[in-house]
Amino acid sequence: MKNLLKKEFLLAMHPTVPIFLLLSAMLLIPNYPYYVVFFYTGLAVFFTCLSGRENHDLAYTIQLPVAKRDVVRGRFVFVLLIEDAQMLIAIPFAILRQSLPLPGNTVGMDANISLFAFSLVLLGLFNRIFFTRYYRNVQQVGKAFVVASAVVFLYIAAVEVCAHAVPFVRDRLDTPDPQFLPEKLIALAVGLIVFGLLTEFSYKKSVFLFERQDL
């Protein structure tokens with residue numbers, strides 16, 4: 001696994017990945033749909049998979065002395081590290097955003113703990129939709145991304161509407177930290193669980209689909 005991860009970072013990773021990670025600074029933009037920051041993580045994954053198709057990354061990797069299951073696991077671990085990095089990099093920007101003398105986000109969710117809770121679900125949805133289509137046919141990476149993006153943006157629209165229309169979300173979750181901290185921490189825990197379950201299911205399904213492909 002160590003060598004596969006080294007290959008992912010040195011050979012497979014698209015150059016835009018670190019740029020998209022730095023887009024966590026967009027949390028400082030007033031009145032902006034902050035979930036888009038985490039959508040860029042999915043875009044980085046897409047560019048990596050698309051670049052891999054054009055550079056025959058999988059054709060090279062499966063010729064190595066590794067099982068197909070390990071190839072999928074290597075990519076998933078790589079993606080999880082990117083998603084974790086996005087979350088960690090975004091935290092100081094969220095803290096800075098709340099310390100600035102600016103009004104709350106009128107577009108939707110503020111840059112608070114709840115944003116990270118809902119963003120974890122967003123990333124889990126992306127992993128679930130994108131990879132279970134990508135590993136069904138690795139040549140159709142664009143179709144997998146279009147479907148995943150459509151689901152993600154529907155989710156973003158829904159949760160942003162909730163920040164205005166659902167009293168619990170509006171009055172408790174969409175508030176400056178550390179207000180209503182217990183409720184937000186519960187939301188964060190639920191987000192982590194949902195992210196883990198969606199990603200685990202996606203990994204198992206992806207392994208099954210990839211092992212069936214004749215590459």
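**Entry 1: Thr-48**

I began with Thr-48, whose side chain reaches the backbone oxygen of Ala-44 at 3.0 Å. I call this a polar contact, meaning a pair of N or O atoms within 3.5 Å; within protein, one must be able to donate a hydrogen and the other to accept it, and residues adjacent in sequence count only if both atoms are side-chain atoms.

Before going on, I noted that this is a predicted model, where local features need pLDDT of at least 70 and side-chain atom pairs count only at pLDDT 80 or more, while totals for chains, interfaces and linings use all residues. Residues are numbered from 1 along each chain as its sequence is written, and side-chain values use heavy atoms, with hydrogens and water left out.

Thr-48 also has a polar atom in its side chain that lies 3.3 Å from the backbone nitrogen of His-14. I found Thr-48 in helix α3; helices here are DSSP runs (H or I, at least four residues), numbered from the N terminus. Thr-48 is buried, at 1% relative accessible area. Buried means under 20%, exposed over 50% and partly exposed in between, with a 1.4 Å probe and protein chains only. Not counting residues up to four places away in sequence, Thr-48 touches Ala-12, Met-13, His-14, Val-17, Arg-75 and Phe-78, where contact means heavy atoms within 4.5 Å.

**Entry 2: helix α1**

Which residues of α1 are buried? In this helix, residues 2-12, I listed Leu-4, Leu-5, Lys-7, Glu-8 and Ala-12. They sit on the same side of α1, because they cover an arc of only 155 degrees around the axis; the arc is that of the directions from the helix axis to the C-beta atoms. Their cover includes α3 (35-54), α4 (57-61) and α5 (68-99). On the face turned away from the buried side I saw the exposed residues Lys-2, Asn-3, Lys-6 and Leu-10.

**Entry 3: α6 beside α9**

Next I looked at α6 (residues 113-134) and α9 (residues 181-212), whose axes come within 8 Å and cross at roughly 10 degrees. Axes are lines fitted to C-alpha atoms, for helices over the stretch in contact, and angles run from 0 to 180 degrees between N-to-C directions. The two helices, α6 and α9, are therefore roughly parallel to each other, a label for angles under 35 degrees. I then zoomed in on Thr-132, which is in α6.

Is Thr-132 buried or exposed? Thr-132 is buried, with a relative accessible area of 2%. Its side chain reaches the backbone oxygen of Arg-128 at 2.5 Å. Leaving aside neighbours within four places in sequence, I found Thr-132 in contact with Asn-127, Ser-202, Lys-205, Ser-206 and Leu-209.

**Entry 4: Ser-149**

I looked up Ser-149 in helix α7 (residues 141-165). Ser-149 counts as buried at 11% relative accessibility. Ser-149 and Leu-43 are 106 residues apart in sequence and 8.8 Å apart in space, C-alpha to C-alpha.

**Entry 5: backbone notes from the loops**

Where is the cis peptide bond I noted? It runs from Asp-177 to Pro-178, with omega near 5 degrees. I placed Pro-178 in the loop between α8 (167-173) and α9. Phe-180 is in the loop between α8 and α9 and has a positive phi of about 50 degrees, although it is not a glycine. I read Phe-180 as partly exposed, at 30% relative accessible area.

In the loop between α3 and α4 I stopped at His-56. The phi of His-56 is near 60 degrees, a positive value in a residue other than glycine. His-56 is exposed, with a relative accessible area of 55%.

Terms used
Angles under 35 degrees count as roughly parallel, over 145 as roughly antiparallel, 65 to 115 as roughly perpendicular and the rest as oblique.
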